[in-house]
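Here is a short briefing on one protein model. Look over the sequence and the structure first, then read the points below.

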Amino acid sequence: MREQIVPGILGYPCTGDEMRRIVLTGFRGTGKTEIGKILASRLNVPVTDTDSLIETLTGRSIPDIFHDDGEERFRSIEREVIASIPKADVIVSTGGGVVCDPKNMEYLRRDSTVVLLFADIDTIEKRLLKKPRPPLTSLTLREEIASMLDRRRQQYRASSDFCMDTSVTSPEHAAEKILAFLQTGIPTENQRNTALAFFKTGRLPPVSLKKLEDILTGPDRNPRTRILGVAGYPCAHSRSPKLFNALFESYRLDYYYTWFEDPQLDEIMNVAKILDAKGLSVTIPFKHDVIEYLDEVDEHAAQKIGAVNTVVFACGTTVGYNTDWLGVRKPLVSMKGADAVLLGAGGVAAGAAYALMDLDMDVTILNRTPDNAKKLAERFGCRWGTWEEFDRIKPDLVVNATPLGMQPDTRNPLRVDQLHRDMTVFDLVYTPPVTPLIEAARAQGCRTITGIEMFIEQAREQFYLFFGIDVPVEKVRELVA
Ligand code: NAP
């Protein structure tokens, strides 16, 4: 027998004040309108469609707006319409491109459950041929579908709390599965107990373990709460849980971020899978080894850098990205073409080397073990050498990618006389926020960039990959302070 859904209350289990919107995202032809209507009728709430709202507001059709005013104008109207949708009991069926605008995702994700509907390209094409509308581009219908799906793939995945393949299922059955997800979540009781046993063997602070117990097995468990975490060994020092949980609170997302600390990556990936985790931030020593667990990797991550620090689980696919290199690149964009020395040749140095080369810098990698510097330099086509060669180079920029200076280590990778006032010093170490190297460089009048800047940028990029929301730099800076 089907479990009963309490009419008018989207939050389940229903506690009266827990009413969430259901937002349906996905490409045209994936069944949003039909499934939205069925859900609305089952739950006895209204359904609203962002494209219809736009057409009512402007008195014009979507193709007309695209044709006469262009996509940018259309997106701006769409943003206004989305911002005005009620925040409580309503089913929202969205236009296919809403996921591309981080502001839309911020509005739509707030206090809501976002369900991504997807289908294979043959099914979408067949469905769209039945209700033709003027093309939005000069491509054939199939080409247009393929190109748009490809362009939006990452944003669709980021938009979803729950994915539903509608290729071979009826709208009624799809709606049933969505309702079942709202009531029970995905992991079974056994799976949740297994996951909890895993977390109990780690070094979680008691308050986090209690929170996980509540989420996974507590009597007032909210089945929609999803888990993310940092995967590493050790990783108890990571600032990511504090930052991400504060962001979930701020953006009103039903997620909890914790530590997946274990010497066995296999164990971590298994628990993440059975928990249907939304994603993982990956740290030492797993950034390379995690690649073999992935179905897809972005072109920067595995193919060029050889390391993944972000894993997104969505729609049955496990995808890896690298945001470390973006965290190094962003604070250095004004230094294009500089002479740079990179200290260290480990995992983070690989992302740093990629970022520096991307900024057309003349890069020399210096490392304790010269052979490791040589290997890394050969991959990226830069110079390499031993630590002693620093004095000969006189770089504009020094990037420290070794753990020297990381608490409790108080060593400085460079002597004071090697630092000059016209040098920029970027220390990737961020515990403590002001390292011995940064302190010495400031005393010598150098421009300095702390590892916190890298942490902020890589975390912002991760948040975008997980949720499709762009967090302002200042907000992250405030939260990690
Ligand atoms: P890793 O893979 O272990 O590499 C460490 C590198 O430092 C290697 O090249 C190693 O040289 C060198 N090294 C280690 N100890 C040394 C010593 N005593 N003297 C000289 N060189 C030494 O580590 P990683 O993952 O690249 O991380 C490096 C640092 O980046 C971390 O300590 C962390 O503080 C920082 N980090 C910052 C962020 C951020 O967001 N800001 C993110 C991740 C990491 P050999 O080749 O000779 O072993």
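The side chain of N367 reaches the backbone oxygen of T369 at 3.0 Å. That contact opens the tour of this predicted model.

- N367 sits in a loop. That loop runs between β13 (362-366) and α15 (370-380).
- N367 has a relative accessible area of 10%. The cut-off for buried is under 20%, so N367 counts as buried.
- A polar atom of the N367 side chain also lies 3.3 Å from the backbone nitrogen of A345.
- Leave aside the neighbours within four places in sequence, and N367 is in contact with G344, A345, N372, A373, G385, T386 and W387.

**The largest pocket**
- The volume of the largest pocket is about 1,300 Å³.
- Its lining is made up of 47 residues. Nearest the centre of the pocket lie I284, K287, G347, V348 and A401.
- Four elements are listed as giving two or more residues to this lining: β8 (279-282), α14 (347-358), α15 and α18 (451-467).
- Sorted by class, the lining of the largest pocket holds 21 nonpolar, 19 polar and seven charged residues.

**The cavities**
- The model has four cavities of 30 Å³ or more.
- The second largest cavity holds about 110 Å³ of space. It is lined by 14 residues, and P187, P223, T225, R226 and L275 are the closest to its centre.
- Two elements, α9 (206-217) and β6 (226-232), each supply at least two residues of that lining.
- By class, the lining of the second largest cavity has eight nonpolar, two polar and four charged residues.

**Helix α18**
- α18 gives two or more residues to the lining of the largest pocket.
- How many of the 17 residues of α18 are buried? The count is 15, so α18 is largely enclosed by the rest of the structure.
- An α-helix has 3.6 residues a turn, so residues three or four places apart point the same way.

Key. Residues numbered from 1 in each chain as written. Predicted model: local features only at pLDDT ≥ 70, side-chain atom pairs only at ≥ 80, totals over all residues. Heavy atoms only, no water. Buried < 20%, exposed > 50% of the residue type's maximum accessible area, 1.4 Å probe, protein only. Polar contact = N/O pair within 3.5 Å; in protein donor to acceptor, adjacent residues only side chain to side chain. Contact = heavy atoms within 4.5 Å. 1 Å grid on protein atoms, 1.4 Å probe; cavity = no way out; pocket = protein on both sides within 12 Å on 5 of 7 lines; lining within 4 Å. Points joined across faces, edges and corners; volume = space filled by probe spheres on them. Nonpolar A, V, L, I, M, F, W, Y, C, P; charged D, E, K, R; others polar.
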